[in-house]
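Q: Could you take me through the sheet in this model, strand by strand, and then show how it relates to the rest of the chain and to the ligand?

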Amino acid sequence: MAKIPTTVVTGFLGAGKTTLIRSLLENAGGRRLAVVVNEFGDVGVDGEILRGCGIETCSDDDIVELANGCICCTVADDFLPTMRKLIDRADPPEHILVETSGLALPKPLVKAFTWPEVRTRATVDGVIALIDADAVAAGRFAHDEAALDQARRADATLDHETPLEELFEEQLACADLVVLNKTDLLDAEVMVRVEAEVRAHMRPGAKLIHAAHGRVDPAVLLGLGVAAEDDLDSRPSHHDGADDDHDHDDFDTFVVSGEEIASPEVLSDQLAGVIAEHDILRLKGVVAVKGKPSRLILQAVGPRIQTYFDRPWRAGEARVSRLVVIAEKGVDRAAVTPRMQEALIATDA
Ligand SMILES: Nc1nc2c(ncn2[C@@H]2O[C@H](COP(=O)(O)OP(=O)(O)OP(=O)(O)O)[C@@H](O)[C@H]2O)c(=O)[nH]1
């Protein structure tokens, strides 16, 4: 029986993974795709967004959410049983897409394809790393040389620079194809610098393409035919030799809920202040707007905030707002929560 090709889509928080997958689903050309979506927090937003975009060929069963923590740490408990279910369907998908959480190490996931449960039935067609070119240009994944020197003097065992830099390197070092996304936000000169920085971390032979809004021809993304699980040694990781279990102690996530708001613009302004003051990496979720029949999706990646309306609220569905917050460990949750709650209630004040 032919193995089902599976594409692993990795990339830091907000790089554009869901956007790229949505575009793939819209341009699948009749191919039956299934998506496994993993999120760091307990509340799944990406699955909601993909379902909310109303692609006819994509049924609810084709989108499976794994929201019990980061996929690289829950391979045996969550990922493998989910893959089995997809593979064993009477009408199995022709291709599976796995969207990892933005904080996932891709290598343990690729390794899962060597486990007896899936190895005879599925193969990793390729690992795609989405890179937020705008965030690279802003220096989000670079380290401060002086601060690093000082930290190393205090702790000689320090083997990586910052948690963000480590993830950036891990995801690039595992990728067969790197998609340098959000090119619309940068000029050509900055792009040259960003591309050089990204290429410096890629594995030999990996390809790089540019994209805006994740729009890439499916023929370029799917059908790489790499069988990455047979080629683990060429994908170096900071965690090689160690127990695969790593924790995500460097990051924190929580949910803030609220009521109906009056104005998306006022909400965005208020949230922009909180994001900047507390260096919030990612905000995303669903917001209820007074008098509007549809849900407002709110997305923030660093300082950039985007809002749009997606599907109508369903009859009986509670019109509440819920935003997932992700930041580095140490974020002052006690200060952030009331500020956001205030924004989610009092925008018309
Ligand atoms: N300007 C610009 N915005 C983009 C592009 N791609 C994605 N975005 C926006 O970036 C935000 C995050 O996009 P997502 O696709 O949700 O990112 P993600 O990688 O799935 O995020 P996580 O799952 O939270 O890690 C959204 O507001 C997107 O509309 C792009 O190429 N250009």
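A: Let's start with the open sheet, which has 7 strands in the order β3-β2-β4-β1-β5-β6-β7, with parallel pairing. Strands here are DSSP runs of E with at least two residues, helices are runs of H or I with at least four residues, and both are numbered from the N terminus. Two strands count as paired if DSSP finds at least two bridges between them. The edges are β3 (63–66) and β7 (207–210), each of which pairs on one side only. From one strand to the next, the twist averages 20 degrees. Such angles run from 0 to 180 degrees between N-to-C directions, with axes taken as lines fitted to C-alpha atoms, for helices over the stretch in contact.

A word on the model itself: it is predicted, so local features need pLDDT of at least 70 and side-chain atom pairs count only at pLDDT 80 or more, while totals for chains, interfaces and linings use all residues. Residues are numbered from 1 along each chain as its sequence is written.

Now look inside the sheet. Strand β1 (residues 4–11) pairs with β4 (residues 95–99) in the parallel sense over 4 bridges, and Thr 6 stands opposite Ile 96 in β4. Helix α3 (residues 75–87) packs on the sheet and touches β1, β2 (33–38), β3, β4 and β5 (122–132). The direction of α3 makes about 165 degrees with that of β3. Contact between two residues means that their C-beta atoms, placed from the backbone, lie within 7 Å.

Stepping back, the domain assignment gives domain 1 (4–234) and domain 2 (251–343); such bounds come from an automatic or database assignment. The C-alpha centres of domain 1 and domain 2 lie 24 Å apart, and their contact takes 15 residues from domain 1 and 17 residues from domain 2. On the domain 1 side, helix α2 (residues 46–52) gives the most, with 3 residues. That side has 9 nonpolar, 4 polar and 2 charged residues. In this grouping Ala, Val, Leu, Ile, Met, Phe, Trp, Tyr, Cys and Pro are nonpolar, Asp, Glu, Lys and Arg are charged, and the others, Gly among them, are polar.

The ligand brings both domains into view, as its shell draws at least three residues from each of domain 1 and domain 2. Of the 22 residues around the ligand, Gly 16, Thr 18, Thr 19, Gly 102 and Gln 299 come nearest; a residue is near a molecule if its C-beta atom, placed from the backbone, lies within 6 Å of it. Helix α1 (17–26), β10 (280–289) and β11 (294–301) each give two or more residues to the shell, and α1 has the largest share, 3 residues.

Gln 299 also stands opposite Gln 306 in β12. Strands β11 and β12 (residues 304–312) run antiparallel, joined by 7 bridges. Their hairpin has 2 residues between the strands, and Gly 302 takes a positive phi near 55 degrees there.
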